[in-house]
Amino acid sequence: AELRKWRGDAISLEGKQVQDILDDLHRDVVDVDGEVGFKRRIYNGTRSRAVETFRVVGVWNDEEERYHLYITNL
């Protein structure tokens, strides 16, 4: 709903794709709203595009040394 600025080593995620910023993250939990663009099915000979907003949560896994990402519309 509202973009907040965090103190410390916070980086701006606005306008960036997840795979481009994962190496720059240093937090145990990442919780952001993300937009996903997709093409709808063909209807009356035209295909439209749409954008939906989802919540993306990333949890750092020490054993695998990577984030586990979860996406939800709730």
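These legends describe an overview and several close-up views of one predicted model.

**About the model.** Numbering starts at 1 along each chain as its sequence is written. In this predicted model, local features need pLDDT of at least 70 and side-chain atom pairs count only at pLDDT 80 or more, while totals for chains, interfaces and linings use all residues; side-chain values use heavy atoms, with hydrogens and water left out.

**View 1. The protein chain holds one helix and three strands.** Along the sequence, the pattern reads α-β-β-β. Helices (H or I, at least four residues) and strands (E, at least two) are DSSP runs, numbered from the N terminus. The protein chain has 74 residues, and 14% of them count as buried. Buried means under 20% relative accessible area, exposed means over 50%, and partly exposed lies in between (1.4 Å probe, protein chains only). The protein chain exposes about 7100 Å². Carbon and sulfur atoms supply 46% of that area. Accessible areas come from the Shrake-Rupley method with a 1.4 Å probe; for residues, only the protein chains shown count as cover. Take contacts between residues at least 6 apart in sequence: 27% of them join residues at least 24 apart. Contact means heavy atoms within 4.5 Å.

**View 2. Trp60 and Tyr67 form an aromatic pair.** A search of the whole structure finds one such pair. The ring centres of Trp60 and Tyr67 lie 5.0 Å apart and the planes meet at 70 degrees, so the pair is edge-to-face. Rings of Phe, Tyr and Trp (its six-membered ring) pair if their centres lie within 6.5 Å; planes under 30 degrees apart count as stacked, over 60 as edge-to-face and the rest as tilted. Tyr67 is buried, at 8% relative accessible area. Trp60 is partly exposed, at 30%.

**View 3. Arg47 sits in strand β2, residues 46–61.** Its relative accessibility is 49%, so Arg47 counts as partly exposed. Neighbours within four places in sequence are left aside here; Arg47 then contacts Lys39, Arg40, Arg41 and Ile42. The Arg47 side chain also reaches the backbone oxygen of Arg40 at 3.0 Å.

**View 4. Asn61 also lies in strand β2.** This residue counts as buried because its relative accessibility is 19%. Leaving out residues up to four places away in sequence, Asn61 touches Arg66 and His68.

**View 5. Asn44 and its backbone angle.** Most residues other than glycine have a negative phi. Asn44 is not a glycine, yet its phi is positive, at about 55 degrees. Asn44 is in the loop between β1 (29–43) and β2. With a relative accessible area of 70%, Asn44 is exposed.

**View 6. Glu65 and its backbone angle.** Glu65 is not a glycine either, and has a positive phi of about 55 degrees. The loop between β2 and β3 holds Glu65. Glu65 is exposed, with 61% relative accessible area.

**View 7. Val29, Val59 and Tyr70 make up a nonpolar surface patch.** Together they have about 280 Å² of accessible area. Tyr70 belongs to strand β3, residues 66–72. Patches are made of residues with over 30% relative accessible area and no salt bridge: like charges are joined within 9 Å, nonpolar side chains (Val, Leu, Ile, Met, Phe, Trp, Tyr) within 5 Å. A salt bridge is a side-chain nitrogen of Lys or Arg within 4 Å of a carboxyl oxygen of Asp or Glu.

Conventions
A polar contact is a pair of N or O atoms within 3.5 Å; within protein, one must be able to donate a hydrogen and the other to accept it, and residues adjacent in sequence count only if both atoms are side-chain atoms.
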